[in-house]
Amino acid sequence: MMKLKKKPSDSRTILTDLVLPGETNHLNALFGGELLARMDRAASIASQRHSGRLTVTVSVNHVAFTHSIRIGSIVTVEAAISRAFSTSMEVYIDVWMENIYGERTKATEAIYSFVAVDENGRPVKVPEIEPETQLEKERYDGALQRRQLSLVLAGKLSPHDATELKALFTELENS
């Protein structure tokens with residue numbers, strides 16, 4: 001039986017690895033595509049932990065490469081569910097790089113969407129999520145706005161029906 005609510009920490013996934021020469025570009029920095037694949041693997045594990053099902057990547061909604069990751073760096077990809085909808089889950093990913101002196105810097109942030117599926121590839125319901133920390137609550141609240149924006153841009157939701165987005169713009173106008 002599926003647990004009704006889970007915490008983001010239940011899905012938290014941490015992958016740590018080195019940046020090796022064959023994974024770098026001509027500037028000796030990790031290829032963006034290599035990092036995207038690592039993030040996809042961590043997000044996949046997090047979504048499977050949350051749903052207890054097989055999951056598939058639906059979209060890469062946002063990626064911000066803020067610092068290049070140099071050869072020899074230790075890379076840590078942290079992924080956790082930020083919000084669960086009916087069958088889909090938003091996975092928030094933070095990527096940290098660490099140099100040989102142990103100094104850690106946030107290098108990348110990303111948001112992926114996954115859907116839980118049955119053995120025939122059909123979407124199945126996922127447990128709700130109950131955020132605990134302030135950061136988890138902020139990411140949880142923002143997920144609905146991000147989802148509505150994606151649906152409006154895809155033509156699957158009328159801007160009139162995007163209540164969370166409308167509230168955000170109303171709040172901005174009043175400040």
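In this predicted model, five strands come together as an open sheet with antiparallel pairing, and their order across the sheet is 2-4-5-6-3. Strand 2 (13-18) and strand 3 (54-65) stand at the edges with a single partner strand each, so one side of each has no neighbour in the sheet. From one strand to the next, the twist averages 25°. Helix 3 (residues 134-153) lies across strand 4, strand 5 and strand 6, and runs at about 120° to strand 5.

The domain assignment divides the chain into domain 1 (3-127) and domain 2 (130-174). Their centres, taken over C-alpha atoms, are 22 Å apart, and the contact takes 15 residues from domain 1 and 11 residues from domain 2. Between them the two domains bury about 1,200 Å², with 53% of this area on carbon and sulfur atoms. Pro8, Arg83 and Phe85 supply 41% of the area that domain 1 buries against domain 2, more than any other three residues.

Charged and polar groups also take part. Two salt bridges are found across the interface of domain 1 and domain 2, and four residue pairs are in polar contact between the domains. On the side of domain 1 that touches domain 2, the largest share, four residues, comes from strand 5. Arg146 forms a salt bridge with Glu90, with the closest N and O atoms 2.8 Å apart.

Note on methods:
Residues are numbered from 1 along each chain as its sequence is written. This is a predicted model: local features need pLDDT of at least 70, side-chain atom pairs count only at pLDDT 80 or more; totals for chains, interfaces and linings use all residues. Side-chain values use heavy atoms; hydrogens and water are left out. Two strands pair if DSSP finds at least two bridges between them. Helices (H or I, at least four residues) and strands (E, at least two) are DSSP runs, numbered from the N terminus. Axes are lines fitted to C-alpha atoms, for helices over the stretch in contact, and angles run from 0 to 180 degrees between N-to-C directions. Contact means heavy atoms within 4.5 Å. Domain bounds come from an automatic or database domain assignment. Buried area is the accessible area (1.4 Å probe) that two parts lose on being put together, summed over both. A salt bridge is a side-chain nitrogen of Lys or Arg within 4 Å of a carboxyl oxygen of Asp or Glu. A polar contact is a pair of N or O atoms within 3.5 Å; within protein, one must be able to donate a hydrogen and the other to accept it, and residues adjacent in sequence count only if both atoms are side-chain atoms.
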